[in-house]
Each structure stands twice: as C-alpha cells, then as structure tokens.
Amino acid sequence: MKKSIFLAALVLISAGCFAQKANVSKARSLADAENPDYATARALIQEALQNDETKDQANTYYVAGFVGYKEFYNGNIKRQIGQNIDIEAWGAAVYESLQYWDKAYELALVPTYDKKGKAKYDTRTPKSILPKVKEYFQFQPLIVVGFNAYEAKDPSKAYDMFMAHCNIPDSKIMQDNPEDLAELVRDSSYYTCLYYAGRFAYEAKRYDEAIATLNRMNSEHANANALRKEIIFANEYIYQIYIEQKDTVNAIEFIKGCINTFPDEPWFMQNLINLYISSGQEEKAIEYLDIAINREPNVGQYYNSKGSILARIGRFEESFKAFEQAIAIEPNNALFLETLGFAYVDLGNKLNDEAAYYDAKEYAKAKVEIDKAFQNALPYFEKAYELEPDNYDYKRSLRSLYYRLGMNDKYEALAD
C-alpha cells in the first residue's frame with residue numbers, strides 16, 4: 001500500500017514537471033507562430049518560472065526572453081515596411097528579454113553531472129542568445145523607445161532604455177565571448193547614447209545612477225572614442241549634481257580633478273572660483289583666480305572678479321589694480337567700469353562710517369579722503385553710462401553719485 005502511494009506521488013510530480021515543460025514548449029510555439037499570441041505565451045512561461053521543476057532551468061528563461069525577441073523581430077519587420085506598431089510594448093519586449101537572457105546564461109554556466117560525476121554544460125542556450133543580443137545592439141530598439149519616452153516627459157524610463165542598450169557590451173555573455181564582443185562597436189555614437197543616458201538620469205533626479213553613468217565617459221576607451229564636447233558636458237553634469245545635493249566637499253574635489261584633466265576648459269576653473277566665492281572662501285577664490293590668470297592672462301573677467309573679491313574683504317588698493325587690469329584688456333566693457341566705480345563708492349562709504357566717531361578736526365581731515373573716493377568713482381560711472389545709455393542700472397548708479405556729490409544740475413538732467 002505504501003509503495004503504491006509513493007509511486008502515485010512520483011507520477012503526480014512527474015506529471016507536473018512534464019506539464020510545465022509542455023508550457024515552455026507551447027509558449028515558444030505561440031511566440032514563433034505565423035500569428036503569434038504573446039499574451040498567452042507570457043502567461044504560460046510565467047507558470048513555468050514559478051514551478052520548482054522548471055524555474056531554475058536555463059531553457060525556461062531562454063524561452064521567456066524568446067517571447068520578447070519574437071515581438072521585437074516581428075515589430076521590426078513592420079517598422080521597416082512603414083507599418084505602425086506599439087513602440088512602448090515593442091521596447092518593453094526587448095527590455096524584458098535581456099533580463100531573462102541574463103538569468104538564462106547564468107543558469108547555463110551551472111554544470112549538471114551524469115552518473116559518473118562528469119560535468120555537462122548547456123552550450124545550446126548561449127549559442128541561441130548571442131546572435132539575438134547582437135541584433136538588439138545593431139538595430140538599437142532600446143534607443144528608439146528611450147527617445148520616445150523622453151519626448152513623452154519620462155526621463156526615468158528613457159534612462160532605463162538607454163542604459164539597457166549601453167550595458168549590452170558589458171553583459172557577462174558578451175564579455176565571455178570576446179570574438180562576438182568585438183562585433184559590437186563602441187564608437188562615438190555609442191558614447192553619445194551613454195552621455196544621454198546620464199543626462200536622463202540627472203533629469204529624473206536619479207543622481208547616484210547619473211554620476212555612475214556620466215563617469216563612464218571618463219574611461220580610457222571613452223577618451224579615445226567619444227566626442228570631446230560630450231565628455232566635457234558629462235563632467236559638468238556631475239559637478240552640477242554635487243551642487244544640487246549641496247555636497248560642497250565632493251563638488252570641490254571633483255572639479256579640481258576636472259581642472260587638472262581639462263586645463264584648457266575654463267568652465268571648471270570658473271565654477272570652482274564661484275563656488276569658493278559663494279561659500280565665503282575668498283582667499284581660496286583669489287588663489288584660484290591667480291592660477292586662472294596665469295593660464296589665461298588676457299581674460300578680463302578674471303581680473304574683474306579678483307577686484308570684486310578684494311574690495312569685499314577691504315583690500316581696496318589691490319582691488320583697484322585688478323580692476324584697472326581688467327579695463328586695460330576690455331576698455332569698453334561697461335560692467336567692468338561700473339564695478340570699479342562701485343569699489344570706490346564702497347571705499348568712500350567705509351571711510352565715512354569710520355569717521356562717524358571722529359571729532360570735528362579729525363572728521364574734516366577724513367572728509368577729504370571720503371570725497372576723493374566718490375570723485376574717483378565718477379569717471380567710471382560716466383563712461384559706463386556713455387557706453388550703454390539705455391541701461392537703466394548704469395543711469396541710476398550715475399544719478400545717485402551725482403546726488404551724493406551735490407552735482408544737482410547733472411542729477412536733474414538724468415531724471416526719469
């Protein structure tokens with residue numbers, strides 16, 4: 001009796017196993033049919049993926065991916081002859097098949113053993129997967145779907161699609177087959193896709209993934225094959241992410257590295273200087289402005305920025321020299337002229353505030369220097385307004401100075 005029960009149990013287990021294997025076969029047939037039924041095929045394969053007897057078999061996962069592949073393949077033919085297809089479903093099919101095939105290949109690497117203990121490996125599954133994965137890379141369906149997602153205001157999905165494409169050469173099955181891998185050319189167009197993947201992750205606020213993706217633009221291979229402007233932009237985005245995360249420490253360290261790597265790209269130096277200024281590290285800002293000036297001595301903005309910082313921390317004589325150097329380079333830059341004028345005004349206000357506690361004799365002496373500072377500002381404000389008479393800010397600054405100096409006729413002449 002017990003033996004009969006045991007045998008009956010074995011029959012039930014075997015029947016369940018055969019049923020699931022039949023589901024795998026049927027799913028493949030439905031996907032491969034002249035009029036494919038992808039929905040039913042997926043339902044059948046899901047049962048097999050949940051069954052203890054078939055869920056750990058490489059072929060089960062291969063067929064799960066094959067369903068998606070056939071949807072891609074048939075959809076691709078329709079696209080090539082100008083027929084409309086469901087692009088979202090088409091891309092989802094490709095995306096899911098790659099995930100299934102990663103698992104199929106992983107299981108194919110696990111040996112089984114015969115009665116003599118000899119290891120056997122599944123070589124059929126990898127051989128079936130390889131050409132299809134290369135086909136995905138060649139036809140770039142994930143890039144098509146990714147751009148559609150981005151145009152539909154879904155940068156997160158766009159990132160997933162682009163990264164799935166860019167990760168194909170790095171998949172284990174490709175890395176384990178170098179001759180096949182060599183057919184996947186990672187040229188400038190590949191790195192353009194990688195760059196945009198990083199941008200999409202940034203826009204989706206998936207910052208960790210964005211940094212990791214954009215940093216791949218700094219590899220040795222990328223530097224030999226990617227467009228230089230996209231390498232530069234990738235690093236600018238990484239810096240911006242640190243700034244948005246208020247991670248000043250990493251922002252500073254990262255951008256310093258960029259300054260060394262891209263010494264001919266002033267954007268990095270300029271933003272480091274701005275970061276030091278905004279974080280109240282004026283001496284550091286001056287230090288890097290001097291480095292920038294040494295590299296690009298004919299950029300007036302560096303001297304102008306240096307003058308502004310020096311004036312802010314009260315080192316006026318040094319600031320005037322820096323401003324004069326800026327103006328010597330760009331004599332008709334109205335902004336430089338006005339900025340120097342304001343530095344003299346700031347000096348005059350500082351001297352005036354200090355003189356508030358003087359006695360009459362000391363104040364009279366100090367007033368000479370106060371008036372001199374404001375008088376020194378005048379020609380710079382006048383020149384700035386002369387260069388840009390339609391600029392209301394320049395007009396207002398000049399009019400205020402006329403009032404301060406008691407030049408009432410000129411003050412009234414500039415009335416609105």
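A residue is taken as buried when its relative accessible area is under 20%, as exposed when that area is over 50%, and as partly exposed in between (1.4 Å probe, protein chains only). The model is predicted, so that local features need pLDDT of at least 70 and side-chain atom pairs count only at pLDDT 80 or more, whereas totals for chains, interfaces and linings use all residues. Residues are numbered from 1 along each chain as its sequence is written, and side-chain values use heavy atoms, with hydrogens and water left out.

Asn 235 lies in helix 13 (residues 228–244), helices being DSSP runs of H or I with at least four residues, numbered from the N terminus. With a relative accessible area of 2%, Asn 235 is buried. Its side chain reaches the backbone oxygen of Ile 231 at 2.9 Å, and, residues up to four places away in sequence not being counted, Asn 235 touches Asn 218, Phe 254, Cys 258, Phe 262 and Phe 268 (contact means heavy atoms within 4.5 Å).

Helix 19 (residues 334–355) and helix 21 (residues 392–404) have axes that come within 12 Å and cross at roughly 30 degrees, the axes being lines fitted to C-alpha atoms over the stretch in contact and the angles running from 0 to 180 degrees between N-to-C directions. Helix 19 is therefore roughly parallel to helix 21 (angles under 35 degrees count as roughly parallel, over 145 as roughly antiparallel, 65 to 115 as roughly perpendicular and the rest as oblique). The contact involves Ala 334, Leu 335, Glu 338, Phe 342 and Val 345 of helix 19, together with Asp 393, Tyr 394, Ser 397 and Leu 401 of helix 21.

Terms used: Helices (H or I, at least four residues) and strands (E, at least two) are DSSP runs, numbered from the N terminus. A polar contact is a pair of N or O atoms within 3.5 Å; within protein, one must be able to donate a hydrogen and the other to accept it, and residues adjacent in sequence count only if both atoms are side-chain atoms.
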